[in-house]
Amino acid sequence: SGMMEEVLFLAHRVPWPPDRGDKIRSHHILNYLAQMAPVHVGAFADNDHDMGFGAAMGASLASSHVEIRNKPTWLAGLEALAKGSPVSVASFASQSMAAWVRGVLASRPISHIFCFSGQMAQYVPADFEGRFVMDFVDVDSAKFESYADTGNSVMQWVNAREGRLLSAFERDVATRADLSLFVSDAEAELFRARSGVAEARALGNGIDTIFYDPEATFRTLHPPFPDPLIVFTGQMDYRPNVESVTIFATEAMPIIRAANPEATFAIVGRNPSAAV
């Protein structure tokens, strides 16, 4: 749809450093876009370290606005109840972010908006006439629906409400977007089936096959690990990851060990929950 003039890139977490799944994806997409056109980045920071994004990435960007997201969950919950909106959307609602986005759209020739994670779609004006690409990554509403089967009755109600409202929100956003992206064909297919929106496609995360070359020389670990070694790597306070390793360790490993007693399972990642 016409030439790419300038890009507005919105992300729920600063796309730097690429040290966790979502940041690896957003970081590489941002770098790619920055080679094509001037990019303006609006993003939230989890902590002071994330605030270093501007200094680290500034030279390759036209402009950026990063603010710490420190709204307590209870406040986001109250706002969500008052507005009838999903809690995860209310958690990322900020007047200063909205003001910055309005300023960029008013003062710059923004032809494309790339939105990373559904929570940021609230900042894309309904009347934006350029191209709007929405990277949902995952079907978040489906996760909350699955959570509604567990926990106490209050959390079951909260998660069921979140799943229901988020599902409607995702459908509305995808209807407005020119293209919706997901991490895999399976996730895109799930979304098309749930939403009825046809313009949903997979954009895989990819892997750096030069750095992660099995033939490359890596520092050996001491003591050396037993062979064979099965490794799971990920953010270990993220619920789907926690469930994956718990099920694998308790259900799959006994079967594997019965056939191969030396087999070892290693979990590699930050912030392990108690279950991990």
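The model examined here is predicted, so local features need pLDDT of at least 70 and side-chain atom pairs count only at pLDDT 80 or more, while totals for chains, interfaces and linings use all residues. Residues are numbered from 1 along each chain as its sequence is written, and side-chain values use heavy atoms, with hydrogens and water left out.

Helix α8 spans residues 185–195 (helices are DSSP runs of H or I with at least four residues, strands are runs of E with at least two, and both are numbered from the N terminus). Glu 187, Ala 188, Phe 191 and Ser 195 are buried in this helix (buried means under 20% relative accessible area, exposed over 50% and partly exposed in between, with a 1.4 Å probe and protein chains only). Seen down the axis of α8, these buried residues fall within an arc of 100 degrees, so they line one face of the helix (the arc is that of the directions from the helix axis to the C-beta atoms). The face turned away from the buried side carries the exposed residues Asp 185, Ala 186 and Ala 193. The buried residues of α8 pack against β5 (131–137), α7 (153–176), β6 (179–182) and β7 (200–202), where contact means heavy atoms within 4.5 Å.

Another helix, α1 (residues 21–34), holds Ser 26. Ser 26 has a relative accessible area of 1% and is buried. Leaving aside residues up to four places away in sequence, Ser 26 touches Phe 9, Pro 15 and Phe 116.
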